[in-house]
Amino acid sequence: MAVVPQEAIDQFEALMDEVDESLKRTFQNMHQGYPHETLMRFLKAREGNVTKAHKMLVDCLNWRVQNDIDDMLAKPIVPVDLYRAIRDSQLIGLSGYTNEGLPVFAVGVGLSTFDRASVHYYVQSHIQINEYRDRVILPAATKKYGRHVSKCIKVLDMTGLKLSALNQIKLVTIISSIDDLNYPEKTLTYYIVNAPYVFSACWKVVKPLLQERTRRKINVLSGCGQDDLLKIMNYSSLPHFCRKRCSGSSKHLQNNADNCFSLDHPFHQQLYNHVKQQFLVRKPVEPVKQGSVHVTLPEDADERDIAKILESELEKFEDLQRCPESLEDLKINDDKC
């Protein structure tokens, strides 16, 4: 569906005005200042059917609320050794941007083993990258390029792909379902590169699990894809496995700064530091215990009497002068409420 009629957008907006406040709050975090564009994504995902798109979006918002997705970027995966293990076995990274400003995400399909952590952590990591993309990467690209950037492209590296990869089909299906249902129309094109002979056999199994709208976006390139990808991005934005001098070398660049899969790559360092900072910002601060005082007030006391009694009782604290928050700045409002 190429064009979304304005009438459909208006109907969709009217329906969204009726949802609960909790859903409206998470929708704000989700649309990042572009509600119309977000509604259009869900309409496209449901072929322009407003009723189906509305159900899809409400289901997505409920999923966000029930799973605390708004706080996902404040939940670091610790210790760092665990996170490094995930990065070494769930290969994904940001290599650069296209000429039009779309982020280029690289995915090491063939060499991802998903065998260093539980399913929970792999799913958490995937959602964190999605949220970081939508709430940090895309807004920054929008600001830099002076226009709304809402999509990315993904380059899928099939280097090392074996039939045994189908053993991870359950996890791949979970992650694919999360993207299809909760992050629709976020990827413009999927480019497949370095496809070995077993790719066709694996593709026959995976293809039926994908949504038709996703299958239409898949483009299989010849070899490492360098020549084709250079038509839409410069050389520095190419994933390392797409460079002819490094073709097929994803496995051997794990400590190389050019390897966008590595935790040492700037993208992952920035992401990990962002999550840690968000955790510290949102971490609840325990109140400092300064002591307590019990005050008995006469039943007929008015506001002025209450103010005087409180001042008198507070003066009884012997260490009051050493308290960093002096009562000199304390104002007792005795105006009528």
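Visitor: Which residue in β5 is the bridge partner of tyrosine 191?

Guide: In β5, tyrosine 191 has asparagine 219 as its bridge partner. Strand β4 (residues 187–193) and β5 run parallel and are joined by 3 bridges. Two strands pair here if DSSP finds at least two bridges between them. Before we go on: this is a predicted model, where local features need pLDDT of at least 70 and side-chain atom pairs count only at pLDDT 80 or more, while totals for chains, interfaces and linings use all residues. Residues are numbered from 1 along each chain as its sequence is written, and side-chain values use heavy atoms, leaving out hydrogens and water.

Visitor: Okay. In what order do the strands of the sheet come?

Guide: The order is β1-β2-β3-β4-β5, with 5 strands in an open sheet of mixed pairing. At the edges sit β1 (92–97) and β5 (218–220), each pairing on one side only. On average, neighbouring strands are turned by 25 degrees against each other, direction ignored.

Visitor: And how many helices does the protein chain have?

Guide: The protein chain has 12 helices, along with 5 strands. Both are DSSP runs numbered from the N terminus: helices are H or I with at least four residues, strands are E with at least two.

Visitor: Let's take a helix, then. Which residues of α3 are buried?

Guide: Thr38, Leu39, Arg41, Phe42, Leu43 and Ala45 are the buried ones in helix α3 (residues 35–45). Buried means under 20% relative accessible area, exposed is over 50%, and partly exposed is in between, with a 1.4 Å probe and protein chains only.

Visitor: What covers them?

Guide: The cover over the buried residues of α3 includes α1 (6–16), α2 (21–31), α4 (50–66), α7 (169–182) and α9 (212–215).

Visitor: Pick α1. At what angle do the axes of α1 and α3 cross?

Guide: They cross at roughly 105 degrees, and the axes come within 10 Å. So α1 is roughly perpendicular to α3. For the wording, 65 to 115 degrees is roughly perpendicular, under 35 roughly parallel, over 145 roughly antiparallel, and the rest oblique. The axes are lines fitted to C-alpha atoms, for helices over the stretch in contact, with angles from 0 to 180 degrees between N-to-C directions.

Visitor: Which residues make the contact between them?

Guide: On α1, Ala8, Ile9, Phe12, Glu13 and Met16 take part, and on α3, His36, Leu39, Met40, Phe42 and Leu43 do. Contact means heavy atoms within 4.5 Å.

Visitor: Switching to charges. How many salt bridges does a search of the whole structure find?

Guide: That search finds 19. A salt bridge is a side-chain nitrogen of Lys or Arg within 4 Å of a carboxyl oxygen of Asp or Glu.

Visitor: What does glutamate 47 pair with?

Guide: Glutamate 47 forms a salt bridge with arginine 216, the closest N and O atoms being 3.9 Å apart. That pair links distant parts of the chain, 169 residues apart: glutamate 47 is in the loop between α3 and α4, and arginine 216 in the loop between α9 and β5. Both glutamate 47 and arginine 216 are exposed. Glutamate 47, which follows α3, also has a positive phi, near 50 degrees.

Visitor: Now arginine 64: buried or exposed?

Guide: Arginine 64 is buried, because its relative accessible area is 2%. It forms a salt bridge with aspartate 70, with the closest N and O atoms 3.0 Å apart. Aspartate 70 counts as buried too, at 18% relative accessibility.

Visitor: What meets the side chain of aspartate 228?

Guide: Lysine 231 does, in a salt bridge of 3.8 Å, N to O. Aspartate 228 is partly exposed at 32%, while lysine 231 is exposed at 63%.

Visitor: Last one, glutamine 226. Where is it?

Guide: Glutamine 226 is in helix α10 (residues 226–229), and it's buried because its relative accessible area is 12%. A polar atom of its side chain lies 2.8 Å from the backbone nitrogen of lysine 244. Not counting residues up to four places away in sequence, glutamine 226 touches Tyr235, Leu238, Cys242, Arg243 and Lys244.

Note on methods. Polar contact = N/O pair within 3.5 Å; in protein donor to acceptor, adjacent residues only side chain to side chain.
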